[in-house]
Amino acid sequence: MRAVLTWRDKAEQCIYDLAFKPDGTQLILAAGNRLLVYDTSDGTLLQPLKGHKDTVYCVAYAKDGKRFASGSADKSVIIWTSKLEGILKYTHNDSIQCVSYNPVTHQLASCSSNDFGLWSPEQKSVSKHKSSSKITCCSWTNDGQYLALGMFNGIISIRNKNGEEKVKIERPGGSLSPIWSICWNPSREEHNDILAVADWGQKLSFYQLSGKQIGRDRSLNFDPCCISYFTKGEYILLGGSDKQVSLFTKDGVRLGTVGEQNSWVWTCKVKPDSNYVVVGCQDGTISFYQLIFSTVHGLYKDRYAYRDSMTDVIVQHLITEQKVRIKCKELVKKIAIYKNRLAIQLPEKILIYELYSDDSSDMHYRVKEKIVKKFECNLLVVCADHIILCQEKRLQCLSFSGVKEREWQMESLIRYIKVIGGPPGREGLLVGLKNGQILKIFVDNLFAIVLLKQATAVRCLDMSASRNKLAVVDENDTCLVYDIHTKELLFQEPNANSVAWNTQCEDMLCFSGGGYLNIKAGTFPVHQQKLQGFVVGYNGSKIFCLHVFSMSAVEVPQAFTRVQDLRYLELINSIEERKKRGETNNDLFLADVFSYQGKFHEAAKLYKRSGHENLALDMYTDLRMFEYAKDFLGSGDPKETKMLITKQADWARNINEPKAAVEMYISAGEHVKAIEISGDHGWVDMLIDIARKLDKAEREPLLMCAHYFKKLDNPGYAAETYLKIGDLKSLVQLHVETQRWDEAFALGEKHPEFKDDIYVPYAQWLAENDRFEEAQKAFHKAGRQEEAVRVLEQLTHNAVVESRFNDAAYYYWMLSMQCLNIAQDPAQKDVMLSKFHHFQHLAELYHGYHAIHRYTEEPFSFHLPETLFNISRFLLHSLTKDTPLGISKVKTLFTLAKQSKALGAYKLARHAYNKLQGLRIPTRFQKSIELGSLTIRSKPFHDSEELVPLCYRCSTNNPLLNNLGNVCINCRQPFVFSASSYEVLHLVEFYLEEGITDEEAVSLIDLEAPRHKRENKWQEITSNNSQTLRLDETMDSMGDDDPFTAKLSFEQGGSEFVPVVVSRSVLRAMSRRDVLIKRWPPPLQWQYFRSLLPDASITMCPSCFQMFHSEDYELLVLQHTCCPYCRRRIDDPSP
């Protein structure tokens, strides 16, 4: 719909009301205290009428065109003749708000602020009736029997011709929603009188004469000032505070804007029996518009779809003349039709309909898909599975779900597009462009095929049935026919506006133009006959023509039709051939003839008489006469009956009656087909019934049921079906696919053979959901050590990259334990033990470095200076070779320098600052390090003796920076560190004498035997590659020292580390509380440590075997509820 401005004028005062003379030639306007009379054809002001002394509020013309009336703020009503002469004047007690002529009796109703009057030429006086509220508007019914009054207090009063109230309608808003404009629908086709009501509650509503509301209120979002119907009642005009006139359907659906104005619209009316609209505004503007309603339609063969009343679509079968109306209740913007598909574009969505059946005469459409999206397009085309949107130079192919699958960009504007058929999903499109190019596009192909290029723009296109010829109508109204393959112009004819090929006959086409229909057959001259309109289709002997808004079918003269019935010729030929082959059964021949003639019962009797019952059954089943077939069979062979039911079910399936087909298949014992249909249609209840009725031995149909249950997201029924047939493997797979892990684990407990099938997918699922730690444990549980190690390595790498060094330490510890677990395999022992020691070392490094990283990156320190001092020394002693990823030597030395300076180790601090000078230092540390390097020079060149570490084996004071690493410089005994404070613990590792097992050693230590006075003599034994200290035990009364303590006072020489080896008697002399044992799993040996200060308690974690001062360990466990190193929970009983 478009609104074209015809003329415009400007009065000096507000236009409150207007009225057309019934023949549409004159327009009366209420402007200020005058009436203005215009010629509607060109907007000429014919005459101003003066008679009122104040503002004229209302004007109305009588239906017979002889009189019109005006009402004013001066409380008077003036009656004028059509010759513009005032003939009568009467008054009310208040200003006149509205006037209306009875359409039948020409009785005049005039309404003021407190009463209304009824006057007719036969009466001498005006009969007046009081009103409870100000009357703002009034309107007579079509039959003139009732007058509706709209009031300021939100009430509508319906009166009879005598002024008596018959119906009272109270609007919900009351006085907050004054009724501002009302109008009865003038349509003669409506069964009931319908009143349209516009109120200042910003609502549009409809009522019957009885006062019953029709439908719901429609929100307007502006204050309406005027409402009026088109002459036939099909549309409504509404204007008001939104400064525009809107067009609505008679049901209140907004269709668009007629004209935007610069001020409030107080009045708008339709010129009688036309599409012209006049608008009057607050600022005195008078605008006269022509409304142009464009044809929105689509055609495919004998089906024509077109828009009706702007919101409905009518599909017309051009052969049977059947019509079906589809009510969309929104503005229909575009229509496309193809085979059994119909696409309708609405403002905010596209609806795709399909026919209920494949019957060529079926007219029942149902919604197949909705694409809820707003599209801008010039042309719309629908195919079997796609819609095509054309917008200027661009074509877009969308699936019915709204997904854009393909797009084509043309060189010029697209002027014409048409579907020319093809397999579903691969249809061809014929496209004509403004630059004269004609292309063929397949919806499944990105590349357009150029058929030919002509010099003039394309207006219309069609391709012949065999795809060999192309007919084009160009912008010069010339019809041109080309050979597609040779590009040769076969002929051309002038005066054409549209062209169409015959869909059944290759050489026939027709074109229209200049008031004639032209038919061309082969090389014969053109045949002409008179025709108004456009040719849009040519099917067999019918040509379809569109004239204005109506479609008609024109019969082609018989000279252009070829009717051939070959069926009987073929039958005769067939009988003759069979006779030649020796067939002599005349009954059989006669039965065939009867069946061709449609005499099926006679044919069946003859088939039976000739002993060919099967042919009779085939005939009935082919004709879908199943009841006759059953009667013919009677109580015959059950196999035949079953076969018949199966055929009937096949037919029901083909005609899209799947429920009936399922029931028939079940009764025929064809369970697989019944399951297939039920599954494809998602009928879970039907599948449940079938699955429960089937015997567990019928494995194939039951497995099909389970498959569909899974597909339809009903895993519970699928599990029930798998249990029925005992298919535990599929049941496990189902639980895994649906991630019902609890059921899967329960099944795995009962059937360990499925352990791999459960835990491996579970681990993968955990890993995909970023639950790597749980995934690693699941892989481990499933026996997939390699995957477990790989997940842990990835976790560790991620933790290091993200600077989560405490997590990295934990993961490296877990990795080391995994490697130790794998090392139990003799084939991998050496490699895995090497990895074990490497990962243990990395775990210790990252565990310590976590504190360094937090100290340098975070504003507050979480550790004591002594702890940071010890950690940085421990790290520097450990980082003798390559530095692991993520560990910064700069941060370690920086921490050591700062803490050394704070604790009085000035020599060490100076050494750390000197080391930093040779490294690349981050900008943020530069200033601090340079300042520290300068200020340390003012300190003495020595370290505080309190900080010097002591070896508890040989009592040697060790330097703060030890070139040998974390071992004693004298006895080479490795230091044992606390895993929290990193202080050297008072522990010495000792080894068992050869022949003593771990179990025997523990039992000897546990004996707690009383100590004898003995002489302890150390004996040094040197063999090929080892050096051993041995303790000789001889009873003596020289002293009562502990043999272990006595041994530790030994001064060792040489550079090789000599371990402490103890015998049974020394073990027996030890106290259990002084010995800590790292009980490593095989193939590692246990490690034994002796505490040299029994009163200072040390705690060892039973899981990771890390040592802590007992007080530190208890505090850390309280803080973290687990071991700070291996994260073993305190409530976990396992080591």
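Rings of Phe, Tyr and Trp (for Trp, the six-membered ring) form an aromatic pair if their centres lie within 6.5 Å. The exercises below use this rule and others on a predicted model.

**Exercise 1. Aromatic pairs**

State how many aromatic pairs there are, then classify the pair Trp 200 and Trp 264.

Solution.
- By the rule above, the count comes to 30 aromatic pairs.
- For Trp 200 and Trp 264 the distance is 6.2 Å centre to centre, and the planes are 80 degrees apart.
- Planes over 60 degrees apart count as edge-to-face, so Trp 200 and Trp 264 form an edge-to-face pair.
- Trp 200 lies in the loop between β19 (194-199) and β20 (203-208), and Trp 264 in the loop between β25 (254-260) and β26 (265-270), so the pair ties together parts that are 64 residues apart in sequence.

**Exercise 2. Helices α10 and α11**

Find the relative direction of α10 and α11 and describe their contact.

Solution.
- Helix α10 covers residues 699-711 and helix α11 residues 715-725; they pack at an angle of about 160 degrees, with their axes 7 Å apart.
- Angles over 145 degrees count as roughly antiparallel, and α10 and α11 are therefore roughly antiparallel to each other.
- Their crossing is left-handed.
- Among the contact residues are Leu 702, Leu 703 and Phe 709 of α10, and Tyr 717, Ala 718 and Ile 725 of α11.
- The residues of this contact divide into ten nonpolar, one polar and three charged.

**Exercise 3. Two partners of α20**

Classify the packing of α20 (residues 889-903) against α18 (residues 829-857), then against α19 (residues 865-878).

Solution.
- α18 and α20 pack at an angle of about 75 degrees, with their axes 10 Å apart.
- The range 65 to 115 degrees counts as roughly perpendicular, and α18 and α20 are therefore roughly perpendicular to each other.
- Residues of α18 that meet α20 include Tyr 849, Ile 852 and His 853; those of α20 include Thr 892, Phe 894 and Gln 899.
- The contact of α18 with α20 has four nonpolar, five polar and three charged residues.
- α19 and α20 pack at about 135 degrees, with their axes 9 Å apart, which makes α19 oblique to α20.
- The crossing of α19 and α20 is left-handed.
- This contact includes Leu 868, Phe 869 and Leu 876 of α19, and Leu 893, Leu 896 and Leu 903 of α20.
- Its residues divide into eight nonpolar, five polar and two charged.

**Exercise 4. An annotated span**

Describe the span that UniProt annotates as "repeat: WD".

Solution.
- The annotation, from an unreviewed UniProt entry, covers residues 49-80.
- In the model, residues 49-80 are 0% helix and 59% strand, and the end C-alpha atoms lie 10 Å apart.

Technical notes. Residues numbered from 1 in each chain as written. Predicted model: local features only at pLDDT ≥ 70, side-chain atom pairs only at ≥ 80, totals over all residues. Heavy atoms only, no water. Axes fitted to C-alpha atoms, helices over the stretch in contact; angles between N-to-C directions. Helix = DSSP H or I, 4+ residues; strand = E, 2+ residues; numbered from the N terminus. Parallel < 35°, antiparallel > 145°, perpendicular 65-115°, else oblique. Left-handed = near helix turned anticlockwise from the far one by under 90°. Contact = heavy atoms within 4.5 Å. Nonpolar A, V, L, I, M, F, W, Y, C, P; charged D, E, K, R; others polar. UniProt positions renumbered as here; feature names shortened; annotations may be inferred.
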